[in-house]
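Here are a few friendly notes to read with the model open beside you. Take the points in order and find each residue as you go.

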Amino acid sequence: MRVAVFPGSFDPVTNGHLDLIRRGAGMFDRLIIGVLVNIGKTPLFSIEERVDMLSALTREFPQISVKTFEGLLVDFVEAEGATVVLRGLRTPQDFSYELPLAQANYKLNKHADTIFLATAPEYSYISSSGVKEIFRFGGEIREMVPGIVYERLIRLK
Ligand code: PNS
């Protein structure tokens with residue numbers, strides 16, 4: 001059984017995340033979305049809200065589950081019986097950032113390989129931090145996030 005973890009902060013979930021999740025779901029027997037409990041950072045959405053939104057967005061996929069994790073990603077991967085970490089690459093800068101992380105994770109857990117999926121070009125400009133900044137200053141983010149995320153963002157105003 002091929003089990004993969006798709007980790008992230010998901011604050012908020014973007015259309016780019018959702019596209020990667022959907023494509024990843026077709027590649028593995030189980031895909032666990034690991035939502036990082038980011039102690040020290042004040043998130044836009046609480047961990048419960050992020051799990052709630054991700055669960056609603058992936059309800060149609062029986063092979064997907066949404067869980068939270070703290071501490072090292074490799075420990076979560078091992079505890080879940082996964083052998084793959086799935087990450088998206090939007091830009092060459094993403095690759096520069098992700099490669100040493102993947103290598104460090106491999107050093108820590110040789111039973112987990114990182115697999116990169118190229119982000120679909122229509123989503124390659126979207127990031128959670130960008131969405132937050134655009135939203136904060138009143139810009140239009142409707143095309144960047146799933147509908148339920150957009151509605152929750154509007155409610156925050
Ligand atoms: O969505 P993000 O913020 O880009 O996700 C980053 C994430 C959660 C994948 C990364 O920060 C992570 O794995 N954090 C857990 C702590 C850890 O394992 N750090 C060591 C990596 S070398």
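Predicted model: local features only at pLDDT ≥ 70, side-chain atom pairs only at ≥ 80, totals over all residues.

1. Where is the place of P12? P12 is in the loop between β1 and α1; strands (E, at least two residues) and helices (H or I, at least four) are DSSP runs, numbered from the N terminus. Residues are numbered from 1 along each chain as its sequence is written.

2. The peptide bond from D11 to P12 is cis, with omega near 5 degrees. F10 is also found in the loop between β1 and α1, and F10 has a positive phi of about 50 degrees although it is not a glycine.

3. Now turn to the largest pocket, which holds about 1,100 Å³ of space. A pocket here is an open set of points on a 1 Å grid over the protein atoms alone, where a 1.4 Å probe fits, with protein on both sides within 12 Å along at least five of seven lines; lining residues have an atom within 4 Å of a point. The volume is the space filled by probe spheres set on the points, which are joined across faces, edges and corners.

4. The lining of this pocket has 40 residues, and G8, S9, R87, Y97 and E98 lie nearest its centre. Two or more lining residues come from each of β1 (3–8), α1 (15–25), β4 (84–89), α4 (92–108) and α5 (128–136). The largest share, seven residues, belongs to α4.

5. What takes up the space of the largest pocket? The ligand does, by the rule that more than half of its atoms lie within 2 Å of the grid points.

6. Finally, look at the polar contacts (pairs of N or O atoms within 3.5 Å). A polar side-chain atom of S9 is 2.7 Å from an oxygen atom of the ligand, and a polar side-chain atom of R87 lies 3.1 Å from a ligand oxygen. For L73, a polar backbone atom lies 2.8 Å from an oxygen atom of the ligand. Taken alone, the ligand exposes 560 Å², and the protein buries 70% of that; the areas come from the Shrake-Rupley method with a 1.4 Å probe.

Conventions:
Heavy atoms only, no water. Polar contact = N/O pair within 3.5 Å; in protein donor to acceptor, adjacent residues only side chain to side chain.
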